[in-house]
Each structure stands twice: as C-alpha cells, then as structure tokens.
Amino acid sequence: MTALTTPALVRTTCPYCGTGCGVLGGPSPVTAGDPGHPANHGRVCTKGSALGETLSLENRLLHPMVKGERTGWETALDLVAARFRAAIETHGPESVAFYASGQLLTEDYYVANKLMKGFIGAANIDTNSRLCMASSVAGHVRAFGEDIVPCCYEDLDEADLVILVGSNAAWCHPILFRRLTDARARRGTRLVAIDPRRSATASDCDLFLPIHPGTDVLLFNGLLAHLARIGALDKAYLERSTAGFPATLAAAQQDAPDVETVARGCGLEVALVEAFYAAFAATRRVVTVYSQGVNQSSHGTDKVNAIINCHLATGRIGAPGMGPFSFTGQPNAMGGREVGGLANQLAAHAGFTEAADLDRVRDFWRAPRLAERPGLKAVELFNALGEGRIRALWVMGTNPAASLPDAARVRAALESCDFLVVSDCVAGTDTARHADVLLPAAAWGEKAGTVTNSERRISRQRAFMPLPGEARPDWWMLTQVARRLGHGAAFAYDSPADIFREHAALSGFRNERRLFDISGLADLSDADYEALDPVQWPVPAGQRAGTARLLTQGRFPTPDGRARLVPVRQAAPAHAPSTAAPLVLNTGRLRDQWHTMTRTGEVPRLMAQAAEAFVAVHPLDAAAAGLREGDIADITSAWGRARGRVRLSDDLSAGQIFMPMHWTDEAMPFGSPGRAVNPDCDAVSGQPELKHTPVRLSPVPLGWEGLLLSRRRLRPENIDYWARTPIEGGHAYRLAGSGAAEDGMERALHLLGDDAGRAELRDQRRGIFRCAITDDAGRMLDYLMIAAPGALPDPDWLFTMFASTGPLDSQMRRSLLAARSSGPVVAAGEIVCSCFGIGSEAIRQAISDGARDTAALGAALKCGTNCGSCLPELRRFIAAGEGGRERAMPCFLPS
Ligand SMILES: Nc1nc2c(c(=O)[nH]1)N[C@H]1C(S)=C(S)[C@@H](COP(=O)(O)OP(=O)(O)OC[C@H]3O[C@@H](n4cnc5c(=O)[nH]c(N)nc54)[C@H](O)[C@@H]3O)O[C@H]1N2
Ligand SMILES: Nc1nc2c(c(=O)[nH]1)N[C@H]1C(S)=C(S)[C@@H](COP(=O)(O)OP(=O)(O)OC[C@H]3O[C@@H](n4cnc5c(=O)[nH]c(N)nc54)[C@H](O)[C@@H]3O)O[C@H]1N2
Ligand code: SF4
Ligand SMILES: [Mo]
C-alpha cells in the first residue's frame with residue numbers, strides 16, 4: 001500500500017456509481033482504490049479497477065464544433081448565447097431548456113440550475129435523474145417532508161436483515177454488496193432479494209422472492225397488514241412521530257386482506273411470502289435497499305412509500321442498522337438533488353410550493369426573474385422539443401437519444417429542433433450526432449469539484465491530468481454563456497471552490513427547517529476546499545464534521561414535525577401484455593458496463609462479459625417465437641424496435657425478457673432497448689416506466705454471419721447487422737445479413753478497400769470466405785471470415801493472434817485461412833472474472849476438480865482475487881456444483 005500513497009497520487013472519487021468510492025489517480029496513469037476513503041476502504045469493483053484503461057484520448061471531443069466544423073471557443077460560445085437570447089426574446093424564457101446529468105459535478109450543476117431558474121427565468125432544467133431517482137425523491141418528500149436518505153453505510157454493516165428490492169447491487173453497487181456479504185460472513189446478516197429476475201444479487205441472497213413485475217406495492221401493503229395483524233407495530237412511534245396511519249393501514253388491508261391474496265397477486269409461493277414477513281416481523285435491525293426496480297415504474301413513488309410505510313409503522317428508522325435506503329445511481333445523483341437540478345425543485349431542497357422558499361432563493365441569488373413554477377420533466381421536455389415549443393436545448397453529460405424511453409421519437413425531436421447544444425467528453429454519441437454545437441467537456445481526472453454519494457457523503461473529485469485539447473469544465477462553459485447573456489455579476493466564478501462556497505451558503509440561508517444544510521462549509525478557504533475530506537451532510541454553520549445518520553429523534557422536516565404514512569394501492573402497470581405484444585421487456589445493467597458505454601465500452605476486458613447487445617429469453621418463449629440460442633431477434637413494441645442476440649435463460653419466468661440498456665447505435669445499431677421502451681411515467685414523480693414494456697419477439701432471418709478484426713474504427717453501415725467490440729490491438733466486428741453468403745462477402749470486402757498484402761480463401765459453394773490483410777512488414781491489419789449462420793468458430797484464439805504485433809509466419813497464415821487455431825483451443829465460455837479473463841468453462845472444470853468454495857477457486861484460477869466483483873457469480877457456480885460449501889440459494893424458508 002505504501003506505493004499507492006506516494007505524493008504523486010491524487011485522492012479523487014470514482015466517476016461511476018453512487019457508492020462513491022475513493023480512488024487514487026496518478027500521472028502514469030494508474031488508478032487504485034483509496035484505502036482512506038470511508039465508502040470503500042481501498043476496494044474498487046471491475047469498473048473502478050479499469051479506470052486507468054479509460055483515459056485514452058482516442059474518441060475524445062477535443063475542440064468546439066459548429067455543424068461538424070471545428071471552431072474556437074469564442075465563436076461557439078457567442079453562437080450559443082445568441083441563439084438562446086434570440087429564443088428567449090422572441091418566444092419567452094420557457095422556450096429554452098437545459099437537460100443535465102447526475103454525472104455533472106455539484107459545481108457544474110449548481111451553475112446550470114442558477115442560470116436557468118434564477119436568470120433565464122424558467123424552470124426548464126431537468127436531468128437524467130428523472131429517469132433514475134425521481135420516484136425516490138418524491139417518495140421521500142411525501143413521507144419526510146424533504147428528500148432525505150436517513151441511512152449511512154454503517155447501517156449495512158450493522159443490520160440483521162437486509163431486503164434488496166429491485167436492486168441488483170451485486171453488479172450495480174458491487175462494493176456495497178461486498179459490505180453486505182462480508183456482514184453475512186461476519187455476523188450472519190440475512191439477505192432477501194425481491195426481483196422478477198434471478199439476478200446476480202438474487203442468486204447470492206438467502207431468500208429470493210421472484211415477484212411478478214410491478215407488484216411491489218401489494219407485497220409491502222401485505223407486509224404492513226400482516227404486521228398490524230400480529231401486533232408487530234410500534235404504536236408509540238406511530239403516535240409520537242407520524243400521521244396518516246389509519247388510512248394507510250386501511251388501504252393496505254384492502255389490497256392485502258391475507259397472505260394468500262398477496263402471494264397470488266405477486267406470483268409467489270405462500271411460504272416465501274410468509275418467510276419474508278416473519279423475518280421482517282422478528283428483526284428490529286432491518287434495512288430495505290431499493291433501486292430502479294422500484295423507481296422506474298409507472299407507480300414508482302407508491303412503491304417507495306409502501307416500503308417507507310413499513311419502516312415508519314415499526315419505528316425501524318433513524319437508529320443503527322435500520323431504515324429505508326435508496327441506493328443512488330450516478331456518482332452525483334445526490335448532489336444534483338441538493339442543488340435542485342430537477343425541474344420541480346428550486347434549489348437547496350427548496351421547492352416551488354412555498355412563497356417563503358421562492359423569496360429566500362430570489363433574495364440570495366439577487367435573481368431578477370426567478371422561475372416561479374416547475375418546468376418540464378424529461379419526457380415532457382422532449383415532447384415539447386419535438387413539437388417545437390422548445391427552441392434551444394443544451395444537453396450536458398447525458399445521452400438522451402439512447403437513454404430516454406420512446407427513443408425514436410426523442411431522436412426525431414433532437415434532429416428537428418431549432419438549436420441543439422451538446423457538451424460531452426466524447427465525440428461520437430447518439431445524441432451528439434444531432435447537435436448544432438458540440439462543446440468539449442473536461443473528463444474525469446481532468447476536472448475538479450465535488451460529488452455526493454448514496455449516504456450523503458460529499459467527496460472531492462480532483463484533477464490529476466491536464467486538460468487535453470481545448471476541453472473545459474462544464475461550469476466554465478455555463479459561466480461564459482451566462483456572462484454573454486448579461487448576467488456577469490452573478491456568475492463571476494473563477495474556480496469550483498467559489499461555486500461550492502456559494503452553494504453551501506445558500507443551503508443555510510434563512511434555513512429554518514430543512515435538513516440539507518452545509519453552511520458549515522461556506523467559509524472554506526481555497527486550501528480547505530482543496531484538502532476537503534469526505535464528509536456527510538448536514539454540516540450546519542459552525543461545524544466541520546458531518547452527520548452519519550438522520551431522522552434519529554423521531555422528528556421530521558414537515559410543518560408539524562411528523563412523518564407521513566401514505567396510503568397506496570397496488571395498480572396495474574401502464575401497459576399490460578396482449579396477444580400482439582405478449583412479453584414484458586425488463587431492462588437494466590451489466591456488471592462491467594456503464595450506461596451508454598462511452599468509457600467502459602472502450603476497454604477490452606470490460607467487454608468480455610458481453611460482446612453484443614443481447615436479449616435474455618426463457619426457453620419456452622424462445623421456442624414459441626422460433627428462436628434458438630445465438631439467433632438474432634427483433635424486439636418490437638407499440639413504440640419501436642430493438643435488436644439483440646438471443647441468450648436462453650431461466651433466470652426470468654416465461655413471459656418476461658431482459659435486455660441490457662448499454663448498447664447504442666455507435667456500437668451496434670438498434671442494440672439499445674430505448675426505442676422499444678414505452679414513455680409512460682409515474683404521475684407523481686414523472687419517472688418513466690423503463691422496466692415494463694409489452695413486446696413481441698421475432699427472429700431476424702440470416703443468410704450469413706461474419707467476423708471482422710480490424711485496426712480501424714469502422715461503421716459498417718452497409719451491413720444489416722453489426723456490433724463493434726474493442727479487442728487488444730483494434731476492434732472486432734460481428735456481422736450478419738439476410739442475403740446469400742456471397743453478398744455478405746462483397747459487402748464486407750467493400751469495408752476493407754483495396755489492400756495489397758491480401759491472402760484469401762473463397763468457397764462459393766459452401767458459402768465460406770476468409771481473408772487476411774497484412775502491411776508491408778507482414779503484420780496483420782484486417783482479418784475477415786464469413787460463414788453460414790451459427791458456423792463461425794470461437795474467436796478467442798484469433799483475438800490472441802490479432803493482439804500480437806509481430807509479422808505473421810506461414811503457419812499463422814495457414815491457420816487464419818483454415819479458420820482453425822494451430823494449437824489446441826480451450827473454449828473459455830462466458831467470461832466471469834474480467835480481471836483475469838476467467839470463463840465459465842474453467843470455473844466448472846475447477847469445481848469438478850474439487851474446488852468447493854470461492855477461496856479454492858481463487859487459489860486454482862485467481863478468479864475473484866483482485867476486485868472481487870465476480871464473487872456472487874462464483875458462489876453461484878459453487879452452489880450449482882457438487883458438494884458446494886458456500887450457500888448461494890434461498891435457504892431460510894420456514895421448516
Ligand atoms: N455496472 C453498472 N453499475 C451501475 C450502473 C451501470 O450502468 N452499470 N449505473 C448506475 C445507475 S445510474 C443506477 S440508477 C443504478 C441502478 O442499479 P439497479 O437498480 O440495481 O440496476 P438495474 O439493473 O437498473 O435494475 C435493478 C433490478 O430491478 C429489477 N426489476 C425490474 N422490474 C421490477 C419490479 O417490478 N420489481 C422489482 N422489485 N424489481 C424489478 C430488474 O430485474 C433488475 O434486476 O446502477 C448504478 N450502477
Ligand atoms: N431502458 C432503460 N433506459 C434507461 C435506464 C434503464 O434502466 N433502462 N436507466 C436510466 C438511468 S437510471 C440513467 S441514470 C440513465 C443514464 O443514461 P445517460 O446519462 O444517457 O448515459 P451515459 O452514458 O452515462 O451518458 C453520459 C454522457 O456524459 C458524458 N460525460 C461524462 N462525464 C461528463 C462531464 O463531466 N461533462 C459532460 N458534459 N459530459 C460528461 C459521457 O461521455 C456520456 O456521453 O439511463 C436511463 N435509461
Ligand atoms: S462500486 Fe465500482 S463503480 Fe461504484 S463507485 Fe465503487 S469502484 Fe466505482
Ligand atoms: Mo441512474
């Protein structure tokens with residue numbers, strides 16, 4: 001560890017998930033976990049451990065661009081200001097909008113929000129947090145009077161029962177899941193998963209409830225009714241600290257008169273429901289973790305309140321080891337909520353409903369025309385864009401063409417709108433393609449500011465690399481535009497520290513009730529800010545230390561100091577399956593990818609988990625649709641279409657399919673599920689229902705398939721189906737088409753151009769084609785093979801050959817043309833441990849050779865011994881093998 005704490009290493013924070021791990025960044029560039037950070041104590045997951053591999057400038061946006069032409073900052077900023085000013089003057093302030101991101105730093109976010117709400121004078125700033133945290137925010141506000149996450153990470157260590165609802169933490173918050181499985185090993189914490197899908201998390205929990213999609217409200221209403229029935233409520237707490245209990249219980253009882261009704265409605269065995277209810281009733285230290293299976297629903301806010309109701313009714317909140325705990329998604333999802341980045345919030349946890357709040361923010365900002373009503377929420381905002389009601393839009397730090405629902409419509413709106421500005425770090429994104437102006441943003445490692453994680457902990461992101469090209473931080477661009485719009489005095493910031501101090505001061509300004517208060521940090525000097533240690537809010541005036549746990553006194557930031565139980569009823573999802581669309585499409589994340597893959601999609605070892613977009617299908621549904629493993633399927637809904645490679649899986653029940661959210665047209669056209677996903681939103685939070693869309697599956701008829709390895713980054717637009725994967729030394733392209741193999745050859749050859757050093761093998765009759773292109777020194781540049789569908793060989797040995805930089809010898813050429821490795825090929829199977837590239841086949845072999853636990857697997861293969869993110873999957877292999885010692889399957893059913 002000493003090597004890691006040399007002065008050259010800079011303490012910063014991981015730019016991925018809301019766990020908010022401390023990372024040491026160095027100039028070499030190296031990255032490692034920061035042993036001194038309280039969120040991770042030095043650990044990092046697969047994505048965090050590969051951060052050093054994402055710092056290349058290959059795909060970066062390095063200069064301002066106007067209509068595809070490079071320009072200077074002055075020209076670009078003048079144009080942005082002129083077009084925003086023109087729209088505001090002609091059509092009013094509500095004709096312009098910002099669409100921001102939980103990946104902005106708090107300082108960027110604060111400036112964007114202040115400019116739009118305080119000085120442009122409309123609240124049309126919304127953020128991708130609408131797709132992510134909006135239902136949790138709304139649920140917190142309904143229950144607590146403010147967007148408060150009461151728990152801290154120590155509660156995960158100290159709980160006796162942890163319920164994960166719609167959270168695949170093993171993949172999405174791996175370091176927090178490690179804390180949970182460590183707590184289980186240390187003190188016997190029991191873990192329950194509630195998810196329609198046997199995710200990596202569900203398969204590593206002690207009890208798994210494979211709930212029918214969208215029925216969480218019923219399950220938790222049933223829990224409340226059950227707790228009342230058996231006398232397990234905390235009457236004193238209810239009386240002293242809450243309001244709304246009788247109506248809430250009545251609603252719950254109407255939904256769930258008995259356990260059998262719940263079991264039927266949720267599609268669960270009665271014994272499973274009983275086991276879960278009994279565990280909750282018998283355990284005081286219960287933490288309920290929830291994430292997108294809860295939030296991304298047309299009734300997401302009700303799901304949140306159904307969960308919180310149970311904690312309030314039993315007083316299981318505000319003490320060690322207990323409470324409702326919404327895991328935040330993005331690195332700064334929480335910071336965005338602090339500054340008020342959502343269109344229905346104002347700033348510093350103030351909303352639009354109270355005149356005093358408006359006055360306070362207006363006075364503090366000295367804002368000439370403060371927005372006085374909420375703006376458009378993400379889905380509405382893009383509808384307005386498509387209808388021409390928004391004339392100028394600035395998208396910063398997010399990729400809505402891929403990540404919003406009904407994405408074909410979003411893409412059309414981006415294309416047709418009057419003026420689109422996109423600030424991003426990378427050049428090619430599905431959204432950037434439509435931009436009039438592209439502004440090059442400083443990336444992680446280059447920019448500085450703060451982020452807040454799931455437990456309200458504010459950590460510094462610090463720069464450890466110089467700004468490349470003409471890239472600039474987002475706060476700087478916004479400030480420059482604000483000055484050009486005539487608001488120079490209010491945006492006279494010279495550094496992130498200036499902005500942070502103002503944000504901290506606003507949080508304490510005439511603050512009588514709100515818990516979000518970091519005014520203790522308002523007088524940080526530049527040096528203090530530079531040295532700021534991770535600290536949990538609130539940090540009220542006169543204080544520098546943070547606060548770990550909130551709501552500890554049974555007092556809430558509501559007018560009467562009481563929490564609200566909210567009566568909720570189970571309702572149907574926005575759209576039910578039908579004969580035209582009989583399957584429910586669920587979407588979510590993979591362990592090794594981050595969102596639209598702009599960074600993780602460039603790292604070969606992170607692409608090893610899945611090379612192409614896929615659709616996980618139950619064998620019965622696949623058979624019904626005429627699909628086999630490895631086929632390509634179209635996924636069609638009433639809104640649009642997506643495409644993926646079929647993976648048979650019984651981790652979902654028949655009737656449900658799952659697609660990862662990560663692929664975009666940059667890596668695989670139609671690989672994003674976004675076009676197919678329905679745009680219905682939760683009525684309270686405005687969060688879209690990204691986890692539940694009725695679809696049908698159909699096979700894509702194929703005449704040929706191909707594999708192309710190339711040093712070049714291509715877009716094989718002339719091919720029906722293609723998917724690009726980075727590999728050592730270049731890129732691999734999976735290709736396929738509906739025509740005859742010969743047609744495939746011609747199309748693929750067209751991509752390669754006329755190169756001299758070419759060796760070919762062509763067999764028209766069998767539809768086989770192979771071609772290797774070398775440079776003058778005999779080194780491989782491109783390699784192409786075409787075969788009948790399903791007949792391509794395992795490509796791993798080819799990748800190895802492609803990675804080597806030496807010239808091809810005659811034996812290599814022969815083996816390339818024969819499409820057969822000269823040495824023995826050991827099929828790796830699906831890669832499980834991406835740190836060491838260990839696949840499922842080797843793991844199964846080691847288990848049948850006698851490995852009985854993850855330690856033995858690690859000793860034999862090294863898998864799981866670096867970042868440990870694959871330990872949940874390794875336990876699953878162990879459990880499935882013979883004589884497995886570590887449990888990874890439901891086991892606390894009543895005997
Ligand atoms: N590896 C990785 N980690 C990430 C991210 C990433 O892109 N990659 N992104 C980050 C972000 S921004 C976010 S928001 C988080 C998201 O983190 P999670 O919410 O944990 O991840 P998801 O895969 O979106 O969805 C979680 C689960 O919800 C389940 N689900 C679907 N419908 C229902 C339902 O009706 N009820 C219940 N109970 N469950 C349901 C899905 O099957 C899925 O397993 O991850 C963060 N961490
Ligand atoms: N079907 C489906 N859709 C989903 C979800 C789902 O589960 N299913 N989940 C939703 C959720 S929870 C989320 S959070 C969203 C995420 O979706 P997006 O936000 O659209 O995805 P990202 O790929 O993270 O986009 C971030 C972009 O910002 C750029 N960037 C990174 N850092 C900076 C910076 O500092 N400044 C600027 N200007 N740019 C930067 C990156 O290069 C990238 O292009 O997707 C949502 N969409
Ligand atoms: S769990 Fe992984 S992705 Fe999330 S913050 Fe930590 S290292 Fe980064
Ligand atoms: Mo998210």
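A: Start with D775, which is partly exposed at a relative accessible area of 22%. Here buried means under 20% relative accessible area, exposed over 50%, and partly exposed in between, with a 1.4 Å probe and protein chains only. D775 forms a salt bridge with R779, the closest N and O atoms being 3.2 Å apart. R779 is also partly exposed, at 38%. A salt bridge here is a side-chain nitrogen of Lys or Arg within 4 Å of a carboxyl oxygen of Asp or Glu.

This is a predicted model: local features need pLDDT of at least 70, side-chain atom pairs count only at pLDDT 80 or more, and totals for chains, interfaces and linings use all residues. Residues are numbered from 1 along each chain as its sequence is written, chains are lettered from A and ligands numbered from 1 in the order written, and side-chain values use heavy atoms, without hydrogens and water.

The whole structure holds 70 salt bridges. One of them joins D216 and K303, with the closest N and O atoms 2.9 Å apart. D216 sits in helix α9 (residues 216-229) and K303 in helix α15 (residues 300-313), so this pair links distant parts of the chain, 87 residues apart. Helices are DSSP runs of H or I, at least four residues, numbered from the N terminus. Both D216 and K303 are buried.

D526 pairs with R501, again with closest N and O atoms 2.9 Å apart. D526 is partly exposed, at 48%. R501 is buried, at 18%.

Finally, a network of salt bridges links R411, D430, R433, D665, E666, R675, R715 and E717.

Notes. Helices (H or I, at least four residues) and strands (E, at least two) are DSSP runs, numbered from the N terminus.
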